[in-house]
Amino acid sequence: MQAPLRDKVRQLYTQKAGLYRFCFYGVFRYGSGVAAHLAQSGLIASDLRILDAGCGHGDVMKACLRIADQRKYVGVSLFAFDLTPAMLAELEAWAAQQASIPIQTQVADILEPDQLPPSWTHMDRIICSAMLEYVPRERLAEALGNLRARLAPGGHLLVYITRRNWLTRWLIARWWAANIYTPAEVEEALRHAGFQSITFTRFPFPYAYLNLAMMVVHATAR
Ligand SMILES: C[S@@+](CC[C@H](N)C(=O)[O-])C[C@H]1O[C@@H](n2cnc3c(N)ncnc32)[C@H](O)[C@@H]1O
């Protein structure tokens with residue numbers, strides 16, 4: 001990502017980290033919706049390497065760990081990266097206290113894949129929640145390709161990404177300076193990046209209202 005945009009995104013998520021949590025996790029209960037979707041997805045199981053791309057505070061990782069703990073899954077390893085050190089700091093503090101599952105974190109830009117440790121390959125699952133909105137539109141397929149390069153053969157990608165409509169034009173595009181997409185645009189970028197078996201799924205009850213603003217896309221790599 002070019003330095004001016006990178007600095008702008010970092011500044012946004014450093015200065016507004018608390019507001020983001022309050023609005024999306026407190027008011028809209030987005031984190032609970034993602035956790036409920038993950039729990040019923042069947043995608044979390046034993047012996048998986050799971051990467052959270054653009055992890056922010058790390059609530060997706062926390063949800064994965066809760067599911068693994070509750071269901072007594074073993075052999076799960078968690079990896080998470082984010083562009084903004086202030087967002088990652090909270091996850092790192094929490095990760096240091098977790099004994100049950102190893103969690104590795106890294107400050108990195110999805111568009112600079114060499115910033116990730118070389119050992120972060122062969123991921124069985126990659127989850128990307130509300131991050132691709134910050135990649136320049138013309139580089140969406142490149143960002144997805146960088147994720148595909150980290151997937152194991154037969155691995156699964158799960159993307160939560162903002163749906164383009166009147167609501168998100170105000171709430172997400174203007175207020176949070178993010179790109180918003182149609183399903184066709186996301187599907188085209190995924191195919192361009194080498195993904196196949198692309199399926200649009202939905203947030204379950206009682207979080208179905210989140211489907212108004214977000215798309216949930218499941219894909220596997222060729
Ligand atoms: C809306 S927050 C989502 C955080 C978290 N995934 C969640 O679902 O709550 C967007 C996050 O994406 C990160 N981000 C934006 N551009 C990025 C990039 N190019 N590479 C990695 N992370 C990025 C931001 O730093 C921020 O933490």
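Start by selecting helix α3, residues 30–41. At 1.5 Å a residue, its 12 residues should span 16 Å, and the end C-alpha atoms are 16 Å apart, which agrees. The expected span is 1.5 Å times one less than the number of residues. Helices (H or I, at least four residues) and strands (E, at least two) are DSSP runs, numbered from the N terminus.

Before moving on, note that this is a predicted model: local features need pLDDT of at least 70, side-chain atom pairs count only at pLDDT 80 or more, and totals for chains, interfaces and linings use all residues. Residues are numbered from 1 along each chain as its sequence is written.

**Inside α3**

Colour Tyr30, Gly31, Gly33, Val34, His37 and Leu38: these are the buried residues of α3. Buried means 20 or more other C-beta atoms within 10 Å of the residue's own; exposed means 12 or fewer, and partly exposed lies in between, with C-beta atoms placed from the backbone. Now look down the axis of α3. The buried residues fall within an arc of 160°, so they line one face of the helix. That arc is taken from the directions from the helix axis to the C-beta atoms.

Next, show what covers these buried residues. The cover includes α2 (17–27), α4, β4 (123–129), β5 (151–162) and β7 (214–221). Then step past the end of the helix. Glycine 42 follows α3, and its phi is positive, near 75°.

**The ligand**

Select the ligand. Around it stand 20 residues, the closest being Gly56, Leu83, Thr84, Ser129 and Tyr134. Colour the shell by type: 13 residues are nonpolar, four polar and three charged. Here Ala, Val, Leu, Ile, Met, Phe, Trp, Tyr, Cys and Pro count as nonpolar, Asp, Glu, Lys and Arg as charged, and the others, Gly among them, as polar.

**Alanine 173**

Go to helix α7 (residues 166–174), where alanine 173 sits.

**The whole chain**

Zoom out. The protein chain has eight helices and seven strands. Its C-alpha atoms fill a box of roughly 45 × 40 × 35 Å, taken along the principal axes. Of the 222 residues, 44% are buried.

Conventions. Near = placed C-beta within 6 Å. Contact = placed C-beta atoms within 7 Å.
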